[in-house]
Amino acid sequence: MAENAKKGEQAVEEVEVALDRTGAFFEKHKSLIIGVVAAIVILVGGYFGVKYLVVAPREKKAASQMFYAQNYFEMGALQQALDGDGQHAGFLEVADSYGMTKSGKLARYYIGLIYLHQGQFEDAVTYLRKFKTSDPVLYILSRQALGDACLEAGRTDEALNAYRNGASKYSNEALTPGLLWRVALTCEMQERTQEALKAYMRIRDEFPMSQEAQDVERQIARLNAETGR
């Protein structure tokens, strides 16, 4: 019992010593500790302040501006969708004024599509390259549009890279076969027969129910005959 009591007293003393050291350390570095904590509070508060007081209202405003441009786009009034109607902003203004918002980023995609449709291929390439997204469907569609614009602008290598990126990063039953078909055709243009074959075979093997798969065996047989296989 006496031995247990002694051990208990020693433990208490050790705790008291540790607390004394902690207190002394805090007293010695009090200004530094308070400064660091205050900085963290300011940073955290600043982050949420910017997020909710600056970013969120701009996101909302950008989305409301996009509404009219998207309506014009769906109606086929592409120039009004691009430039606005005098009262409401078009995609160009939304992209310029709200470029860091989700709507501002999406506006670049719409601009690229419009320029592609209008035959302004270099402008289409510029805006579609700027468009970034984590949405799989939008990514595939944007890489296809970028590849088409590059191809029309005579940039075959860049077109092939865009198609490849769209076909490799994500897989979509409805969209990926079309991109693979573009990869194959572009490879054929550059006499990259083996790469074209791989793209066609991927359509056959991975997307047998797709529209592209209906004619893919003929393409594979044709290329095999050309290469003597």
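Colleague: Is Cys150 buried or exposed in this model?

Modeller: Cys150 is buried, since its relative accessible area is 2%. Please keep in mind that the model is predicted. Cys187 is buried as well, with a relative accessible area of 1%.

Colleague: How many disulfides does a search of the whole structure find?

Modeller: The general idea comes first. A disulfide is a covalent bond that joins the sulfur atoms of two cysteines. In this structure, the search finds zero disulfides.

Colleague: Let us turn to the helices. Which residues of helix 9 are buried?

Modeller: An α-helix has 3.6 residues a turn, so residues three or four places apart point the same way. In helix 9, the buried residues are Ala196, Leu197, Ala199, Tyr200 and Ile203. Viewed down the axis of helix 9, these buried residues fall within an arc of 160 degrees, so they line one face of the helix. Lys198 and Asp205, on the other side of helix 9, are exposed.

Colleague: What distance does helix 9 reach from its first C-alpha to its last?

Modeller: Helix 9 has 14 residues and reaches 20 Å, close to the 20 Å expected at 1.5 Å a residue.

Colleague: How far apart are the end C-alpha atoms of helix 4?

Modeller: Helix 4 covers residues 102–118, and its 17 residues should span 24 Å at 1.5 Å a residue. The end C-alpha atoms are 25 Å apart, which agrees. Among the buried residues of helix 4 are Ala107, Tyr109, Tyr110, Ile111 and Leu116. Arg108, a charged residue, is also buried there. Just after helix 4, Gly119 takes a positive phi of about 80 degrees.

Colleague: Which residue has a positive phi although it is not a glycine?

Modeller: That residue is Glu191, with a phi of about 60 degrees. Glu191 lies in the loop between helix 8 (176–189) and helix 9 (193–206). Its relative accessibility is 70%, so Glu191 counts as exposed, the cut-off being over 50%.

Colleague: Which element gives the most to the lining of the largest pocket?

Modeller: Helix 4 does, with four residues. The residues that line this pocket include Glu59, Met100, Lys102, Ser103, Phe131 and Leu138. By class, the lining has four nonpolar, three polar and four charged residues.

Conventions:
Residues numbered from 1 in each chain as written. Predicted model: local features only at pLDDT ≥ 70, side-chain atom pairs only at ≥ 80, totals over all residues. Heavy atoms only, no water. Helix = DSSP H or I, 4+ residues; strand = E, 2+ residues; numbered from the N terminus. Buried < 20%, exposed > 50% of the residue type's maximum accessible area, 1.4 Å probe, protein only. Expected span 1.5 Å × (residues − 1). Disulfide = S-S within 2.5 Å. 1 Å grid on protein atoms, 1.4 Å probe; cavity = no way out; pocket = protein on both sides within 12 Å on 5 of 7 lines; lining within 4 Å. Arc of directions from axis to C-beta.
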